Amino acid sequence: MTEVVLNGVGKVFPGDVHAVRDVHLRIGDGELFVLLGPSGCGKSTILRMIAGLEEATSGELWLNGGVANDLSPRERNVAMVFQDGALYPHRTVGGNMMFPLEVAGGDRAEARERVAELTRALGIGSMIDRLPGTLSGGQRQRAAIGRALIRQPSLFLMDEPLSSLDAGLRTELRLEITGLVRSTGTTTVYVTHDQVEAMTMADRIAVLRDGVLEDVGTPEQIYRDPATVFVAAFLSSPPINLLQATAWAVQDRGVVLDFGPQQVTVPWNDARSPALISHHGGPVIVGLRPDALTPVAAGEAGRTLAGRVRVLEFHGHDWLAYAEAGIPTVDAAAVGPGPASPGAASSGTAGAGPGRERPGPGGLAGRVRGLIRRPAPPEPVEEEHAGHHRRSDLVFSTGSRRPERGAEVRLDVDLDRMLVFGPDGRRITAVRR
Ligand SMILES: Nc1ncnc2c1ncn2[C@@H]1O[C@H](COP(=O)(O)OP(=O)(O)OP(=O)(O)O)[C@@H](O)[C@H]1O
Ligand SMILES: [Mg+2]
């Protein structure tokens, strides 16, 4: 059983490509840990460093309480599955899966039984005697996953093993993989850029961006309590509303978040107010997931936004509405972190919630310039054309009720679910006493 620790691990490729920057992570024994982030953020590089296929240029990698930087892949005893798992072409599916067990020695009949069981679980039971060349891509991938899972390594490393499969198969195998690795209790590091895969499979998720660790936590923590605006936006489907506001501390009311034509007030008894005071007169970013906005007949002062419904989308379980509200929105991709400042510390546990590690301020120097988008000029609904999802729309969920297009709506803002970020993209949270 294995614990993995990355202590300030970095990777610079030739040509000064900083693929991974000063990453601190502790992956617990038996954990199913997901590395999540957009293409090029360094996920595979981290996985390959853990496997020993790539050397870290800085920092220490610990496996089972010992520094492992210089251990060979074999000494690390890891089983790895890649996006397109390669198989031995002259061995059958069963033969491929038998191979690791043959190398390990042991009872052949038992091994055969185990192979048969696993191929059935992976939905390729009838293909056990076929050669890889006669299988579809998805079937080959399942055989490759099986070959990795049949071993009992110290560590499973999986790099987007499901990305080449169709949606239905992906959901099925996601469950299968989760079940199999959990039943063996083997520490698993799973790489994906798919937020649904990450949320549904992980014990904990690390969100990466440009080689920098932005957030670590359970799926619930990351979703409800994201460290940065990037994390909030990456883990939001349907997309989160990110609104540009100016914060004003007003004596008898609280902190007014001023969107220009509209305002929302964070009352003084809200735990975030003390922290918000330091942003008085300055820009903040307000994050509202569509389900934090509820259409109401008459809104309560200080917690209502108004708009006019422009576009409706039917999503089966509910409707999503896009309303013109004249509020400037923010593009999360343009907010922080920018390259980590050299030598900046990035360890630490300054997070919310007990036992939650949080990346430190290292890479979040924050680029403020260019993050704010001007509101699109108001446009009459009648002139609407094909293009929708204008960046100044407020997206909200209407439940099963289908609202009228062109209708004026008042939206109650769930202040508890409202996320407020500084201009550097970091969450403004309650001041901890
Ligand atoms: N061998 C290499 N030489 C130079 N640069 C590399 C090398 N391998 C990766 N990189 C660069 O390092 C960065 C991180 O790459 P990595 O493959 O880890 O990203 P990723 O998060 O796995 O992306 P994807 O989701 O597209 O697989 C990228 O900018 C990539 O171009
Ligand atoms: Mg990759």
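# Exercises on a predicted model

Asn96 is placed in helix α3, which covers residues 93-104. The model used in these exercises is a predicted one.

## Exercise 1. The packing of α3 against α5 and α4

Task: Classify the orientation of α3 and α5, and then that of α3 and α4. Name the residues that meet in each case.

Solution. 

Step 1. Helices α3 and α5 pack at an angle of about 20 degrees, and their axes are 8 Å apart.

Step 2. Angles under 35 degrees count as roughly parallel. Helices α3 and α5 are therefore roughly parallel to each other, and their crossing is right-handed.

Step 3. On the side of α3, the contact is made by Val93, Asn96, Met97 and Pro100; on the side of α5, by Ala143, Gly146 and Arg147.

Step 4. Helix α4 spans residues 108-121, and α3 packs against α4 at an angle of about 130 degrees, with the axes 10 Å apart.

Step 5. An angle of about 130 degrees calls for another class: α3 and α4 are therefore oblique to each other. The crossing of α3 and α4 is right-handed.

Step 6. From α3, the residues Val93, Gly94, Met97, Met98, Leu101 and Glu102 meet Arg108, Ala111, Arg112, Val115, Leu118 and Thr119 of α4.

## Exercise 2. Phe33, Leu36 and the nonpolar cores

Task: Describe the surroundings of Phe33, and state which residues touch the most other members of the largest nonpolar core.

Solution. 

Step 1. Phe33 lies in strand β3, residues 32-36. Phe33 counts as buried because its relative accessibility is 0%.

Step 2. Phe33 and Thr188 are separated by 155 residues in sequence, yet their C-alpha atoms are 6.0 Å apart in space.

Step 3. Apart from residues up to four places away in sequence, Phe33 touches Leu25, Ile27, Thr188, Val189, Tyr190, Arg204, Ile205, Ala206 and Val216.

Step 4. In soluble globular proteins, nonpolar side chains tend to be buried together.

Step 5. The largest nonpolar core has 42 residues; Val34, Leu36, Ile145, Met158, Ile205 and Val207 touch the most other members. Helix α5, residues 137-149, contributes the most to this core, namely 5 residues. A separate core holds 32 residues, including Ala245, Leu305, Val409 and Ile428.

Step 6. The contacts of Leu36, again beyond four places in sequence, include Lys43, Thr192, Ile205, Val207 and Phe234.

## Exercise 3. An open sheet

Task: Give the order of the strands in the open sheet that contains β15, and explain why one side of β15 and of β18 is left without a neighbour in the sheet.

Solution. 

Step 1. The sheet has 5 strands in the order β15-β19-β16-β17-β18, with antiparallel pairing.

Step 2. Strands β15 (293-296) and β18 (393-399) are at the edges; each has a single partner strand, so one side of each lacks a neighbour in the sheet.

Step 3. From one strand to the next, the twist averages 50 degrees.

Step 4. β15 pairs with β19 (residues 408-413) in the antiparallel sense over 4 bridges. Val296 stands opposite Arg410 in β19.

## Exercise 4. Helix α1 and the whole chain

Task: State how many residues of helix α1 are buried, and what percentage of the residues of the protein chain count as buried.

Solution. 

Step 1. The buried residues of α1 are Lys43, Thr45, Ile46, Leu47, Met49, Ile50 and Ala51. Just after α1, Gly52 adopts a positive phi of about 90 degrees.

Step 2. Of the 433 residues of the protein chain, 50% count as buried. The chain has 10 helices and 20 strands.

Key:
Residues numbered from 1 in each chain as written. Chains lettered and ligands numbered in written order. Predicted model: local features only at pLDDT ≥ 70, side-chain atom pairs only at ≥ 80, totals over all residues. Heavy atoms only, no water. Helix = DSSP H or I, 4+ residues; strand = E, 2+ residues; numbered from the N terminus. Buried < 20%, exposed > 50% of the residue type's maximum accessible area, 1.4 Å probe, protein only. Contact = heavy atoms within 4.5 Å. Core = buried A, V, L, I, M, F, W, Y, C linked by side-chain atoms within 4.5 Å. Pairing = 2+ DSSP bridges. Axes fitted to C-alpha atoms, helices over the stretch in contact; angles between N-to-C directions. Parallel < 35°, antiparallel > 145°, perpendicular 65-115°, else oblique. Left-handed = near helix turned anticlockwise from the far one by under 90°.
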